[in-house]
Amino acid sequence: MVEGHIYTIQFLYQKYMYEQERERLVLNLNREGYIKTKRVEQAFLTVPREAFLPDLLKDYAYVDTPLDIGQGQTISAPHMVAIMCESLDIKDDQKILEIGTGSGYHAAIVAQLVGEAGYVYTIERFESLAKKAKENLKQIGCANVIVNVGDGSCGLPLYQPYDRIYVTCAAPYIPQPLIDQLQDCGKLLVPIGDMYCELILLEKEKGKSIIHRLGGCVFVPLVGKYGH
Ligand code: SAM
């Protein structure tokens, strides 16, 4: 009985501490100019990053850095997730495709941005990571992210066209299937390079592609048919 109370108090205290750290991180991301809009700020305040990390790394959840999630892969740094969300200008009710689920954290943030009537389809090449991401998303009650396993360099034709597509790993060039699966007036965000890469935003307008270069970044490689 007493043990149960102690456990509850410890749990509530830990939850409170994580919330404090989350608020501090969001304040810094705002100050540093990575978070620009209230919508993205609210999404970051809502999603608990610690829920997407292995137990040993939960205490580092609010350090603005990528962290190991197994299989040699990483959960992206919060500032990179913020840059990508702001660049994509995600709206309510949209249908989004994410290539590279990893832990599911980035997808959970995007799920907040599309709201309950929107959908995030995400594809991961490692079955073990996809399974863990599903558990993480379920644990936080996120119901509008659909996790798939496969080679995301070919996109996910089943649910096309998408309003937004983003790739969370470095591609050698923009995979043509992703351009094909993008809705007209849609936006596609891809890091191009070999680990050290450049974030490229493609806007599709009346079938034409307009390219914007958004600056340097570091990502694990996209592998697969249209990958490295
Ligand atoms: N956004 C994720 C998060 O919040 O945890 C981090 C993604 S991690 C930087 C990149 C992911 O892309 C890895 O999990 C990796 O296995 C995956 N990946 C690489 N090539 C892929 C491919 N062809 N299809 C699907 N996933 C791929």
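This is a predicted model: local features need pLDDT of at least 70, side-chain atom pairs count only at pLDDT 80 or more; totals for chains, interfaces and linings use all residues.
**Entry 1: helix α1**

Numbering runs from 1 along each chain as its sequence is written, and side-chain values use heavy atoms, with hydrogens and water left out.

Helices here are DSSP runs of H or I with at least four residues, strands are E runs of at least two, and both are numbered from the N terminus. I checked the span of α1 next: its 30 residues reach 44 Å from first C-alpha to last, close to the 44 Å expected at 1.5 Å a residue. That expected span is 1.5 Å times one less than the number of residues.

Which residues of α1 are buried? I found Tyr18, Arg22, Leu25, Val26 and Leu29. Buried means under 20% relative accessible area, exposed over 50%, and partly exposed in between (1.4 Å probe, protein chains only). These buried α1 residues pack against α2 (38-46) and α3 (78-88); contact means heavy atoms within 4.5 Å.

**Entry 2: a nonpolar patch**

I looked at Tyr7, which sits in α1 (residues 2-31). Tyr7 counts as exposed because its relative accessibility is 58%. Together with Phe11 and Leu12, Tyr7 makes a nonpolar surface patch of about 370 Å². Patch residues have over 30% relative accessible area and no salt bridge; like charges are joined within 9 Å, nonpolar side chains (Val, Leu, Ile, Met, Phe, Trp, Tyr) within 5 Å. The areas come from the Shrake-Rupley method with a 1.4 Å probe, and for residues only the protein chains shown count as cover.

**Entry 3: helix α5**

I moved on to α5 (residues 127-139), which has 13 residues and reaches 18 Å from its first C-alpha to its last, close to the 18 Å expected. Its buried residues are Leu129, Ala130, Ala133, Asn136 and Leu137. They are on the same side of α5 because they cover an arc of only 120° around the axis, taking the directions from the helix axis to the C-beta atoms. I listed what they pack against: β1 (67-70), β2 (73-75), α4 (105-114), β4 (119-124) and β5 (145-149). On the face turned away from the buried side I noted the exposed residues Glu127, Lys131, Lys138 and Gln139. Just after α5, Gly141 has a positive phi of about 80°.

**Entry 4: salt bridges**

How many salt bridges does the structure hold? I got 10, each a side-chain nitrogen of Lys or Arg within 4 Å of a carboxyl oxygen of Asp or Glu.

I looked up Arg39 with Asp92, whose closest N and O atoms are 3.6 Å apart. This pair links distant parts of the chain, 53 residues apart: Arg39 is in α2, and Asp92 is in the loop between α3 and β3 (95-99). Arg39 is partly exposed, at 37% relative accessible area.

Asp55 and Lys58 also meet in a salt bridge, at 4.0 Å from N to O. Asp55 is exposed, at 66%.

Lys131 is exposed at 55% relative accessibility, whereas Glu135 is partly exposed at 38%. Salt bridges with shared partners join Lys131, Lys132 and Glu135 into one network.
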